[in-house]
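Dear colleague,

I am passing on the structure below, and I would be grateful if you could look through it alongside my notes. Please read the text with the coordinates open.

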Amino acid sequence: MQPIQILQPNLKIYLSAHPFVSGSAGNSLSAFYEAGEVINAGRAVVAENGKVYKFDPANYLHMRGIVGFTKTSALTGAMVEVVFAGYFEDDGIALSPDAPVFAGTNGVLSSTPPASGIIACVGTSVSTKKFLISFKNLIFS
């Protein structure tokens, strides 16, 4: 696979398209990024200085936006797969079905918005473990 540059001039990512494995209809697009810190699977991430970091609603520099959600875990400096379009599913998340999905502290995904800071609605759940990615405007709280 050849790297392409997208989102940031010095950021090389590898794109892949794959059918969703869960049996439900739908596909997702993902890319591989270098992790700027230890990141678990199922987290919202932002891109900074060519690396991805867990989203933090208290960090107003993260208003630049979430680039996607980690499909895999990674140690600092390792490559991590980030899903940025389509459906995202992870056994480690607990969502209310048919509800908005928000990114909270440490990139944790939830059906409840954070109490303060950046409110990032990132999609709508289709089950307790899966949601359709749909980036909305970020709101200061």
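Residues are numbered from 1 along each chain as its sequence is written, and side-chain values use heavy atoms, with hydrogens and water left out.

The mean pLDDT of the chain (the predictor's confidence in each residue, from 0 to 100) is 84, and 82% of the residues reach 70 or more. Residues 1-7 have pLDDT below 50, and this stretch makes 17 contacts (heavy atoms within 4.5 Å) beyond near neighbours in sequence. Residues 15-25 are likewise below 50, with 32 contacts in the model beyond near neighbours in sequence. Where pLDDT is low, the predicted coordinates should not be read in detail.

Turning to the strands (DSSP runs of E, at least two residues, numbered from the N terminus), β3 pairs with β7 in the antiparallel sense over 7 bridges, where pairing requires that DSSP finds at least two bridges between two strands. Within this pairing, L29 has A85 of β7 as its bridge partner. β3 also pairs with β5, here in the parallel sense and over 2 bridges, and A35 is partnered by V52 of β5.

Leaving aside residues up to four places away in sequence, I66 touches A44, V45, V46, F55, A103, A120, V122 and F135.

There are 4 aromatic pairs in the structure, a pair being rings of Phe, Tyr or Trp (its six-membered ring) with centres within 6.5 Å, stacked if the planes are under 30 degrees apart, edge-to-face if over 60 and tilted otherwise. F69 and F88 form a tilted pair, 5.7 Å centre to centre with 45° between the planes; because F69 lies in β6 and F88 in β7, this pair ties together parts 19 residues apart in sequence. F88 also forms a tilted pair with F131, at 5.8 Å and 55°, and since F131 lies in β11, parts 43 residues apart in sequence are tied together. Both F88 and F131 are buried, and F69, F88, F131 and F135 form one aromatic cluster.

Finally, the model has 2 salt bridges, defined by a side-chain nitrogen of Lys or Arg within 4 Å of a carboxyl oxygen of Asp or Glu. In one, the closest N and O atoms of K51 and E34 are 3.8 Å apart, and because K51 lies in β5 and E34 in β3, the pair ties together parts 17 residues apart in sequence. In the other, E37 pairs with K54, the closest N and O atoms again being 3.8 Å apart; E37 lies in the loop between β3 and β4, and K54 in β5. E37 is partly exposed, at 25% relative accessibility.

Note on methods. This is a predicted model: local features need pLDDT of at least 70, side-chain atom pairs count only at pLDDT 80 or more; totals for chains, interfaces and linings use all residues. Helices (H or I, at least four residues) and strands (E, at least two) are DSSP runs, numbered from the N terminus. Buried means under 20% relative accessible area, exposed over 50%, partly exposed in between (1.4 Å probe, protein chains only).
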